[in-house]
Amino acid sequence: MWRQVPRSPGSRSVPAPVLRVCASRSGSLRPGYPRGNITMSETPRAETFVFLDLEATGLPSMDPEIAELSLFAVHRSSLENLERDESGAPVLPRVLDKLTLCMCPERPFTAKASEITGLSSEGLARCRKAGFDGAVVRMLQAFLSRQAGPICLVAHNGFDYDFPLLCAELRRLGARLPRDTVCLDTLLALRGLDRAHSHGTRARGRQGYSLGSLFHRYFQAEPSAAHSAEGDVHTLLLIFLHRAAELLAWADEQARGWAHIEPMYLPPDDPSLES
């Protein structure tokens with residue numbers, strides 16, 4: 001998972017007229033809709049949780065492109081009725097859908113991103129991987145259409161990285177997610193839950209909230225396949241299962257509608273920029 005220090009709210013603001021553009025062009029996941037139709041107080045109760053991770057060419061300041069995408073879809077009933085191993089630790093639900101795709105971006109990787117992710121433009125091109133294109137949109141459409149809705153996308157540091165970057169890539173192709181899609185950022189949720197639990201008590205040092213730190217804290221082990229999209233989704237789902245009841249309640253109350261996600265950047269040929 002390629003991440004940055006969370007940005008301050010509004011640091012990459014987008015003009016309001018741009019956000020009113022609807023996605024009715026070819027490749028759309030759903031018919032377009034005006035931004036702001038779903039408010040945070042009106043977000044629906046999700047039936048399926050789709051855990052998401054992206055690997056990309058760099059940090060937001062580089063206008064990155066997605067190079068790897070992984071999603072695990074789990075129905076709410078599996079999160080409410082956990083399966084456990086002999087030690088009592090949660091295990092992945094038996095019933096889940098997975099989608100993992102590699103794609104060759106047009107922009108080059110930064111040296112750091114390539115080192116962390118193990119991906120490179122040369123390696124992806126050698127394996128003849130196409131970019132984030134209409135075929136990817138159609139696969140996402142098919143994957144999400146198989147899930148019981150409404151859907152909640154779940155990502156770690158998602159509001160600062162995964163969701164805005166996915167939004168930018170979909171906008172470039174004129175695509176949108178289903179209008180009742182909501183989003184949960186487990187980084188913010190777990191920090192908020194821990195602050196609520198420690199209210200009125202003295203903090204015992206600073207706790208890390210990276211996926212690796214959380215996994216080690218909850219399972220006393222190191223996560224496998226870190227910084228691959230599928231490996232990080234696997235880790236994220238186990239972390240979620242460890243505190244599933246709390247995170248489900250948080251999602252029901254505080255998930256953010258997809259309509260409130262702003263793209264990380266605007267494609268240079270975005271038609272909404274034309275007067």
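**A helix and its surroundings**

Modeller: Helix α7 has Thr-186, Leu-187, Ala-189, Leu-190, Gly-192, Leu-193 and Asp-194 buried. Here buried means under 20% relative accessible area, exposed over 50% and partly exposed in between, with a 1.4 Å probe and protein chains only. Helices (H or I, at least four residues) and strands (E, at least two) are DSSP runs, numbered from the N terminus.

This is a predicted model, in which local features need pLDDT of at least 70 and side-chain atom pairs count only at pLDDT 80 or more, while totals for chains, interfaces and linings use all residues. Residues are numbered from 1 along each chain as its sequence is written, and side-chain values use heavy atoms, with hydrogens and water left out.

Helix α7 covers residues 186-197, and its end C-alpha atoms lie 16 Å apart; this agrees with the 16 Å that its 12 residues should span at 1.5 Å a residue. The expected span is 1.5 Å times one less than the number of residues. At the start of α7, the backbone nitrogen of Leu-187 has a side-chain oxygen of Asp-185 within 3.0 Å. That is a polar contact, a pair of N or O atoms within 3.5 Å; within protein, one must be able to donate a hydrogen and the other to accept it, and residues adjacent in sequence count only if both atoms are side-chain atoms.

The partners of the buried α7 residues are β4, β5 (182-185), α8 (211-219), α9 (229-242) and α10 (244-254). Contact means heavy atoms within 4.5 Å. Two strands pair if DSSP finds at least two bridges between them. Strands β5 and β6 run antiparallel and are joined by two bridges; Val-182 has Gly-257 of β6 as its bridge partner.

Next, the nonpolar cores. A nonpolar core is a set of buried Ala, Val, Leu, Ile, Met, Phe, Trp, Tyr and Cys residues joined through side-chain atoms within 4.5 Å. In the largest one, with 35 residues, Phe-132, Phe-163, Leu-170 and Trp-258 touch the most other members. Two or more residues each come from β1 (48-56), β2 (66-75), β3 (97-102), α5 (134-145), β4 (151-155) and α6 (162-172). Helix α6 gives the largest share, six residues. Apart from this core lies another, of 34 residues, including Leu-96, Tyr-209, Phe-219 and Leu-236.

As for α6, 10 of its 11 residues are buried, so this helix is largely enclosed by the rest of the structure. One of them is Arg-171, which counts as buried at 7% relative accessibility. The C-alpha atoms of Arg-171 and Pro-263 are separated by 7.7 Å, although the two are 92 residues apart along the chain. Gly-174, which follows α6, has a positive phi near 75°.
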